[in-house]
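Trainee: I would like to go through this model term by term. Please set each value against its cut-off.

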Amino acid sequence: MGCCESKGADSKANRIARWRSTGIVALRDAKLKILSTNLIERLPINLGKLQSLKVMILDGNQITSLPDEVGQLVRLERLSIYGNMLTSLPETIGSLRNLSLLNVSNNKLKYLPESVGSCFSLEELQANDNLIEELPASVCNLIHLKSLCLNNNNVSEIPSNLLKDCKTLQNISLHGNPISMDQFQQMDGFQEFEARRKKKFDKQIDSNVMISSKGLDEGVDL
């Protein structure tokens, strides 16, 4: 009597194990979105085959670098690599023209590549808890950027035209950096930025959104 293989034999756990050991993107047909907390150390070079992928969450692994092929994921809209061991991002990340969220917080990044300014759809950039000393001037090209979070880095200044050119920017968070409120307030476009930020705050009040007891966060340590 023949033995039938269970339909559940090729479980997600088994496919992840096979993906890790062979480097084959075995989850393409499963529309893989989340590979968090799996102790993954590197991604396969044929990652670019995931042409339909829109969301990739790789939080809490041990990834030290992203392959250049990540730039082939042209439909990607959300990429989160929080809590890994990245020391740099590939220049090809600029090919992700549909990316609206990039979260690289809690890594070991010393800089962001100049090409990040080509991620024209980017609305939210989170890079807290890294070793970043400065931002590339190209971030001023991110005309749809609404939120920029760089808490706990080594940033002493930000591109001079950032507030002027990024006209949708509503939130900047720079706590734990060697940049002063005076520097921030002297930047071109600060008044316009401040008006947008307060408008967003007013909407939160109107919507009964809970805020900190400290009131409106200035985004920079005083």
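**Values against definitions**

Mentor: From the N terminus on, the elements run α-β-β-β-β-β-α-β-α-α. That comes to four helices and six strands. Helices (H or I, at least four residues) and strands (E, at least two) are DSSP runs, numbered from the N terminus. The model is predicted: local features need pLDDT of at least 70, side-chain atom pairs count only at pLDDT 80 or more, and totals for chains, interfaces and linings use all residues. Residues are numbered from 1 along each chain as its sequence is written, and side-chain values use heavy atoms, with hydrogens and water left out.

Trainee: Why is glutamate 194 called buried?

Mentor: Buried means under 20% relative accessible area, exposed over 50%, partly exposed in between (1.4 Å probe, protein chains only). Glutamate 194 is at 11% relative accessibility, so it counts as buried. Of the 222 residues of the protein, 43% count as buried.

Trainee: What makes the contact between glutamate 194 and arginine 197 a salt bridge?

Mentor: The definition asks for a side-chain nitrogen of Lys or Arg within 4 Å of a carboxyl oxygen of Asp or Glu. Here the N to O distance is 2.7 Å, so the pair qualifies. Both residues lie in helix H4, three residues apart, about one turn of the helix. Arginine 197 has a relative accessible area of 6%, so it is buried too.

Trainee: How do you know that glutamate 194 and lysine 198 also meet in a salt bridge?

Mentor: Their N to O distance is 3.9 Å. The limit is 4 Å, so this pair counts. These two residues lie four apart in helix H4, about one turn of the helix. Lysine 198 is at 41% relative accessibility, so it counts as partly exposed. Shared partners join Glu194, Arg197 and Lys198 into one network. The structure holds two salt bridges.

Trainee: Why is the pair of phenylalanine 184 and phenylalanine 190 called edge-to-face?

Mentor: Rings of Phe, Tyr and Trp (its six-membered ring) pair if their centres lie within 6.5 Å; planes under 30 degrees apart count as stacked, over 60 as edge-to-face and the rest as tilted. A search of the whole structure finds three aromatic pairs. In this one the centres are 5.6 Å apart, with 80° between the planes. That angle is over 60, so the pair is edge-to-face. Phenylalanine 184 is at 0% relative accessibility and therefore buried. Phenylalanine 190, at 7%, is therefore buried as well.

Trainee: What makes the pair of phenylalanine 190 and phenylalanine 193 tilted?

Mentor: The planes stand at 50° and the centres are 6.5 Å apart, so the pair is tilted. Both residues lie in helix H4, three residues apart. Phe184, Phe190 and Phe193 form one aromatic cluster.

Trainee: How do you know that glutamine 126 is buried?

Mentor: Its relative accessible area is 18%. The limit is 20%, so glutamine 126 falls under it. This residue is found in strand E4 (residues 124-126).

Trainee: Which residues have the most contacts inside the largest nonpolar core?

Mentor: They are Met56, Leu73, Leu79, Leu102, Leu162, Leu169 and Phe184, in a core of 50 residues. Helices H2 (162-165), H3 (181-185) and H4 (190-206) each supply at least two residues of this core. A nonpolar core is a set of buried Ala, Val, Leu, Ile, Met, Phe, Trp, Tyr and Cys residues joined through side-chain atoms within 4.5 Å.
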